[in-house]
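Try each task before reading its solution.

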Amino acid sequence: MYTAFFGFRVKPFDLLPNPDFLYPSRAYRKASAYLEYGVRDRAGFILITGEVGAGKTTLIRSLLKRSLGDVLISKVFNTSVDAEQLVAMINDDFGLETDGRDKVAMLRDLNTFLIEQYAERRRPVLIIDEAQNLTPEVLEEVRMLSNLETDNAKLLQIILVGQPELRERIRSPQLLQLRQRILVQCHLEPLTREEVEEYVLYRLERAGNRDALHWEEGVMAEMHRATRGIPRLVNILGSYVLLDAYAAGRRSISLPEMLDLLHSMDFDHQFWPTGAETEGEAGDETSPAVTGASAMTVTGAAGGNGSHAAAAGAPVDMTPAPVGTAAQVPAGVAQTMTQTQAQATPAMLSLLQGLSRRVGELEQAHARMGENAYFDMLERQNELEQVLTRMAERVDRLHFAQAQRQVQVRQEQAAQERLAAERAGNQRGGWLRRWFVGG
């Protein structure tokens, strides 16, 4: 409806996972680099997670659009299946016959196919999207697929993509072997406030008109607060903003107009149904914490990433929130609640201070490591593996030389024994001859 009005070629905030509109945020660049590295380096299992609407599927489709040379990809997007159905979908996407074949036959076909691809120097890659829906039994079956290998290479590389609960599921004790096989993992973080503004303008530009709408002061900050940096929600809200401006014949959006639009959409309750407080501005955030029968408000300095965690050593203010008036709460119950608050407050304060210190330590450690720390560790690991390989080769050569020397020593000993026996025989023969002939 509004494409011609704003001068767009296409709708800028379409909800389809279109790689052409993929905004290269810091989190996306990091995840994309990890993903491509893992595919090209045959890194075994790769794990990509992110919140609902964070752009995981768009990231995968962006990977599929790239020219990865000898990579052959199978994609599984429907994960509400059992183990046999999963194997059937994998084989079907690789172009293998599945009709009338049981699980054992399909696994045999898959193994043969992977060996053929390895012989032709192709790299089959399996991508499982929405992997958080897989049961532990099916995830274990996926882990078993990784056992298809030669002496020095994996025949199938597997990329698991899912929501944050996938990490929790993989932490299950029964999936320990799967967890140990994940060599590359990355989490797609939400967009920051600055990235939300860049994201919106980037999509407007890709659609054909970066200056289609003037965003007045405070609008982008409110947009980030309402969406919490989730790209899909930014798209939804952006579409409503353009539609509302088109209906009113406006080419700008002010903060009061944005607030009115959010109110009419009931945005917070529609997309954040838990009723939790949304994130505020950095340095001025408030988050409710409830313990027992009392409600307490916890405030503190926010980290630079917009989270609710306080910085190390930051003061934590805990004030019991009103729990009711005397007319609403019986005297005995009110006294019990007051005692509960008095007992819980020091414990909660100590816990939050400990968490605050830990968050500060983690942030300092991350700052010391830097963005390239992961790749540095991988490089050092490769160097160590090369050193170990050379040492193993030297050990093998020494073992071979030792075996050869042992054979040579045995041969020399046998030769000496034969020579000694011959000499002894000659001596006995000479004595007998002399005795018979009377010499």
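Buried means under 20% relative accessible area, exposed over 50%, and partly exposed in between, with a 1.4 Å probe and protein chains only. This is a predicted model: local features need pLDDT of at least 70, side-chain atom pairs count only at pLDDT 80 or more, and totals for chains, interfaces and linings use all residues. Residues are numbered from 1 along each chain as its sequence is written, and side-chain values use heavy atoms, with hydrogens and water left out.

**Exercise 1. Find where Ser-74 sits and decide whether it is buried or exposed.**

Step 1: Ser-74 belongs to strand E2; helices (H or I, at least four residues) and strands (E, at least two) are DSSP runs, numbered from the N terminus.

Step 2: apply the cut-off. Ser-74 has 0% relative accessibility, so it counts as buried.

Step 3: list its surroundings, where contact means heavy atoms within 4.5 Å. Setting aside neighbours within four places in sequence, Ser-74 touches Ile-90, Asp-93, Phe-94, Val-125, Leu-126 and Ile-127.

**Exercise 2. Work out the strand order of the open sheet of 5 strands, and say which strands stand at the edges.**

Step 1: recall the bonding. Strands of a sheet pair through backbone hydrogen bonds, either parallel or antiparallel. Here two strands pair if DSSP finds at least two bridges between them.

Step 2: read off the order. The open sheet runs E2-E3-E4-E1-E5, with parallel pairing.

Step 3: find the edges. E2 (71–76) and E5 (182–188) each have a single partner strand, so one side of each is left without a neighbour in the sheet.

Step 4: zoom in on one pair. E2 and E3 (residues 123–128) are joined in the parallel sense over 6 bridges, and Lys-75 stands opposite Ile-127 in E3.

**Exercise 3. Describe how H10 and H12 cross, and which residues make the contact.**

Step 1: get the geometry. The axes of H10 (residues 219–227) and H12 (residues 255–265) come within 9 Å and cross at roughly 25°.

Step 2: classify the angle. Under 35 degrees counts as roughly parallel, over 145 as roughly antiparallel, 65 to 115 as roughly perpendicular and the rest as oblique. H10 and H12 are therefore roughly parallel to each other.

Step 3: assign the hand. A crossing is left-handed if the near helix is turned anticlockwise from the far one by less than a right angle, and right-handed if clockwise. H10 passes H12 in a right-handed crossing.

Step 4: name the residues. H10 contributes Val-219, Glu-222, Met-223, Arg-225 and Ala-226, while H12 contributes Leu-255, Met-258, Leu-259 and Leu-262.

Step 5: sort them. Ala, Val, Leu, Ile, Met, Phe, Trp, Tyr, Cys and Pro count as nonpolar, Asp, Glu, Lys and Arg as charged, and the others, Gly among them, as polar. The contact of H10 with H12 then has 7 nonpolar, no polar and 2 charged residues.

Step 6: check the cover. In H10, 9 of its 9 residues are buried, and these pack against H9, E6 (214–215), H11, E7 (252–253), H12 and H13 (267–271).

**Exercise 4. Locate Glu-130 and Asp-266 and state the phi of each.**

Step 1: know the background. Most residues other than glycine have a negative phi.

Step 2: take Glu-130. Its phi is positive, about 55°, although it is not a glycine. Glu-130 lies in the loop between E3 and H6 (136–145), and at 23% relative accessibility it counts as partly exposed.

Step 3: take Asp-266. This residue, not a glycine either, has a positive phi of about 55°. Asp-266 lies in the loop between H12 and H13, and its 39% relative accessibility makes it partly exposed.

How values were computed. Axes are lines fitted to C-alpha atoms, for helices over the stretch in contact, and angles run from 0 to 180 degrees between N-to-C directions.
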